[in-house]
Amino acid sequence: MRPRSGPTVEHRVLAARLRLLRERAGVSLQAAAVALGAHPATVRRIERAETGLDPHQVRVLLECYEVSAMEAEPIMAGLAAANLPGWWHRWRDAMEPWQQEVIGIESSAALIRTWHPALVPELLRTPAYEAALCRTLTADPASRREGRLELLAERQRRLEDRGAALWALFPAAALHTSVGGAAVMAEQRAVLEEAAQRQHLTVQVVPLDFPPHPMTGVPPIHLLRAPAPEIGDRVVLETPGAGVDIIGEPAAVMDYRIRLDAACTAAPPPGPALPEDGRGTGNR
C-alpha cells in the first residue's frame, strides 16, 4: 500500500468511481460493508480516498455492484498507479496536513486561482521571501524550513512545466509589507514583474486606494480546477487561528468562485507593470 502522504489524482478518480458505481447500483454503504466483511466506515474511507485501494476489496465491491468485466478491467488495471506515492511524498515531513490533502489536485490542476489579503501568494514567492516568512511566522527547525522551500520550488517548477494557468489576486499592501528587508522585496517585485509576462500567469494587484470589493476581509483562498470531472473543484480556505477548510461541496465552491470573479472584475485589469506606489491601475 502507498504510505500516507495525501491521495494522488489517480487515487481520487478511482475512489470516486467506486462511489458512483455503488450509487448507480443502488447499494447502500451497509450492504457494501457486509460484502467486504467490514464496517461501513471502511467503505466510506475507500470512497473518500482516505485509505489505499486494496485489489481484493475493490474486486469484491465491483462484484457487489454487478459491474461488467469490460467496465471493471480499467479500474483494476489502474490500481497499481493509484497506490503509488505522489511526487511530493519525499517532502511529507515538511508539509502541513492540509497540503497533503490538496497538493495532488494542485499538481494536476489546469487552473489555480488564488487570493491573499496581505502577502504575495505562495506560488509566486521567491525562495528568499518564503524563507523570511517561515522564520517570522513559524517555529519550525531549519531542516523543516529547508524542506518547505524545496517543496515550493518543485511546485512552482511543475506548474510552469505543464503550462497550468495561475491567476493571482492580492492587494498592493503586500508589496509594501517588508518581508526580509529591501533586497528581498526588490527581488520579489522583479520576479512578479517577470511572471506577469508569462502566457499562463495573471498577476492582478488591488491598489491601495481601491474601495472594498467582494474579497475584502476574506482569508487566503485557493480555487483548484480539478483535472477530472469525478473529483470536482476544491476551495482551500485558510483561516488564521482556526486552521484550514477544504471545501468540495459544489454550491459552496461556486459561491467562492462568484466572489472571486466579482473581485477580479471590480479590480483594475492586469496592466504592463506593477504599481510603483500601490495606487492607480498598474497590475500586471
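The questions below concern a predicted model.

User: How are H2 and H4 oriented to each other?

Analyst: Helix H2 covers residues 29–36 and helix H4 covers residues 55–64. Their axes come within 9 Å and cross at roughly 125°. Angles over 145 degrees would count as roughly antiparallel and 65 to 115 as roughly perpendicular.

User: Which residues of H4 meet H2, and how many residues in the contact of H2 with H4 are nonpolar?

Analyst: From H2 come Ala31, Ala32, Ala35 and Leu36, and these meet Gln57, Val60, Leu61 and Cys64 in H4. By class, the contact has no charged residues and one polar residue, and the nonpolar ones number seven.

User: What is the handedness of the crossing of H2 and H4?

Analyst: The axes of H2 and H4 cross at roughly 125°. The crossing of these helices is right-handed.

User: Is H4 roughly parallel or roughly antiparallel to H5?

Analyst: H4 packs with H5 at an angle of about 165°, and their axes are 11 Å apart. An angle over 145 degrees counts as roughly antiparallel. H4 is therefore, relative to H5, roughly antiparallel.

User: Which residues of H5 make the contact with H4?

Analyst: H4 passes H5 in a right-handed crossing. On the H4 side, the contact is made by Pro55, Val58, Arg59 and Leu62. The residues of this contact divide into six nonpolar, no polar and one charged. On the H5 side they are Ala72, Ile75 and Met76.

User: What distance separates the C-alpha atoms of Pro74 and Leu14?

Analyst: Pro74 and Leu14 are 60 residues apart along the chain. The separation of their C-alpha atoms is 9.8 Å.

User: Is Thr114 buried or exposed?

Analyst: Thr114 is found in strand E1, residues 111–115. Beyond residues up to four places away in sequence, Thr114 touches Pro121, Leu166, Trp167, Ala168, Leu169, Ile221 and His222. The relative accessibility of Thr114 is 5%, and the cut-off is under 20%, so this residue counts as buried.

User: Which side chain joins that of Thr114 in a polar contact of 3.0 Å?

Analyst: Among the residues that Thr114 touches are Ile221 and His222. The polar contact of 3.0 Å joins the side chain of Thr114 to that of His222.

Notes: Residues are numbered from 1 along each chain as its sequence is written. This is a predicted model: local features need pLDDT of at least 70, side-chain atom pairs count only at pLDDT 80 or more; totals for chains, interfaces and linings use all residues. Side-chain values use heavy atoms; hydrogens and water are left out. Axes are lines fitted to C-alpha atoms, for helices over the stretch in contact, and angles run from 0 to 180 degrees between N-to-C directions. Helices (H or I, at least four residues) and strands (E, at least two) are DSSP runs, numbered from the N terminus. A crossing is left-handed if the near helix is turned anticlockwise from the far one by less than a right angle, and right-handed if clockwise. Contact means heavy atoms within 4.5 Å. Ala, Val, Leu, Ile, Met, Phe, Trp, Tyr, Cys and Pro count as nonpolar, Asp, Glu, Lys and Arg as charged, and the others, Gly among them, as polar. Buried means under 20% relative accessible area, exposed over 50%, partly exposed in between (1.4 Å probe, protein chains only). A polar contact is a pair of N or O atoms within 3.5 Å; within protein, one must be able to donate a hydrogen and the other to accept it, and residues adjacent in sequence count only if both atoms are side-chain atoms. Angles under 35 degrees count as roughly parallel, over 145 as roughly antiparallel, 65 to 115 as roughly perpendicular and the rest as oblique.
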